[in-house]
Amino acid sequence: MLQIEGAVLEDGKSPNNWDVFCHIPGSIKNGDTGDIADDHYHRFLEDIEIIHSLGVNAYRFSISWSRVLPRGRLGEVNPKGVLFYSKIIDNLLLKGIEPYVTIYHHNHPQELEERFGAWLSPLMQEEFVHFAETCFENFGDRVKYWTTINEPNLFTELAYLSGRYPPAHCSAPFGNCSSGNSDTEPLFVLHNMLLSHAKAANIYRHKYQLKQGGFIGIIANTFMYEPLRDIELDREAAKRALAFYTAWVLDPLVFGDYPPEMRQYHGNELPRFTSEETKSLTQSLDFIGINHYSTLYAKDCIHSTCSSDGDRAIQGFVYLTGERHGVPIGERTGIWRFFIVPRGMEKIIEYVKERYNNMPMFVTENGYSPPEQQDEQEEDLVQDAKQIEFHKAYLAALVRAIRNGADVRGYFIWSLMDSFEWVYGYNTRFGLYHVDRQTLRRTPKLSARWYAKFLTNSGHNHVADATPGSSKIKDAILTRLKTQKAEM
Ligand code: BGC
């Protein structure tokens, strides 16, 4: 997990795409890098104590590809990398915490980028399968919940459309990068990611699942959308935005092809799946992981005039904004397009439930970071009442969806502690724990204390404060969280 591990070149780890990117001046806010991050590589035992003290029964983390296979398929497995994750898994299990492991979270050995362009090339599929299999072989005896790829849609958008993540590819009007094509590259990259997922999941099914008895899924980043104007065109635009982002990832894995709207607007640029591939895609999911933070307004750009970036097929001819007449859709947070809109959680879960026949779901990320202030002090940062409010409201919305029949099996707060927040660096803080950048000391915020009380049912600060009649909400959540293992 690049955002917390640090130990950038220790014990045989090779540099990955982010390690290199961070050192290109101007890439990351304040010139921050992930070289040390939260030093979790050396402090994981302390961190597992913290996790345990919260009373959670599950912890999600990802494997750093360049730590386990520094040269990809060309080289050997790095025993020290395997040992590190093995120790994490064992120590979690010892404490009765179920590890939920994401195989790929935005980072891969830089060598793959340089040798063949990483995700732009179909060669990446075999590399990924090799990496995934290495994980199943080494950890699958103890890991029962696998997700192959975290947010292929968000990664693709940021790395190949807006060019803000490595390898920083884009073209006008989306950005000014030295190479790339924002209209087409995202389509090829996501295609390779889906096929990589499907191949890895099928190997898991055929070689490991029966023996190891686990489950495998993928994680989609999701926004909910509301019409900017109260007109049919914008209601259609909001639906199209869902198709071009969430369903872009999930439709192929459930129905075997991209959403019909994407076929309609992209024409021949949208890659096709062979019948073999369709078969393997549709057999590749046991559950769907949803990361959800925010809701945006959608404006139609087919019949209405829009700014140039909304007016493109790759955006579904939809213009997205967080504001209507200068008024934000919800309270602002530390990330420019994340607004606090709890009802969006209920609606996105409802959408996934309806569209995908109520397949088992996990909310694999949901969280809040405050807007950055000048001269922030630890004493103020740990008084994060807003984060508590955020979680109460989003959890209450989630429970409304569960009450309405959605098969949601678990919920993960993003994140345990403040960490390397990609291009935002360290001043965008999602943690339940504050991390002092000098001493790396972890300090619980109010939200950590609240969450622990909430989970162990031992406090007065109930989620029931969120909406009237919601003490039942808390019971429903607790039952869900406690029984998710047994149900699958
Ligand atoms: C990513 C996390 C990130 C979070 C907050 C998600 O897109 O999976 O790595 O820290 O959003 O921005």
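A polar contact is a pair of N or O atoms within 3.5 Å. Keep that cut-off in mind as we look at this predicted model, starting with its ligand and then moving on to its cysteines.

**The ligand and its surroundings**

Which residues come nearest to the ligand? Of the 13 residues around the ligand, these are Gln 3, Glu 151, Glu 365, Glu 421 and Trp 422. Sorted by class, the shell around the ligand holds six nonpolar, four polar and three charged residues.

Now for the polar side-chain atoms that reach towards oxygen atoms of the ligand. In Asn 150, a polar side-chain atom lies 3.0 Å from a ligand oxygen. For Glu 365, an N or O atom of the side chain is 2.8 Å from an oxygen atom of the ligand. Trp 422 also has a polar side-chain atom, 2.8 Å from an oxygen atom of the ligand. How much of the ligand does the protein bury? Taken alone, the ligand exposes 310 Å², and the protein buries 96% of that. The ligand takes up the space of the largest cavity.

**The disulfides**

Let's turn to the cysteines. How many disulfides are there? The count comes to two, and the table puts them side by side.

| Disulfide | S to S distance | Torsion about the S-S bond | Handedness |
|---|---|---|---|
| Cys 170 and Cys 177 | 2.0 Å | about 100° | right-handed |
| Cys 301 and Cys 306 | 2.1 Å | -90° | left-handed |

Cys 177 has 21% relative accessibility and counts as partly exposed.

If you number the bonded cysteines in sequence order, the pairing reads 1-2, 3-4. Cys 22 is in no disulfide: the nearest cysteine sulfur, that of Cys 177, is 17 Å away. With 7% relative accessibility, Cys 22 counts as buried. Cys 135 is buried as well, with a relative accessible area of 0%.

Note on methods
Residues numbered from 1 in each chain as written. Predicted model: local features only at pLDDT ≥ 70, side-chain atom pairs only at ≥ 80, totals over all residues. Heavy atoms only, no water. Disulfide = S-S within 2.5 Å. Buried < 20%, exposed > 50% of the residue type's maximum accessible area, 1.4 Å probe, protein only. Near = heavy atom within 4 Å. Polar contact = N/O pair within 3.5 Å; in protein donor to acceptor, adjacent residues only side chain to side chain. Areas by Shrake-Rupley, 256 points an atom, 1.4 Å probe, with all protein chains shown as cover. 1 Å grid on protein atoms, 1.4 Å probe; cavity = no way out; pocket = protein on both sides within 12 Å on 5 of 7 lines; lining within 4 Å. Sits in = over half its atoms within 2 Å of the grid points. Nonpolar A, V, L, I, M, F, W, Y, C, P; charged D, E, K, R; others polar.
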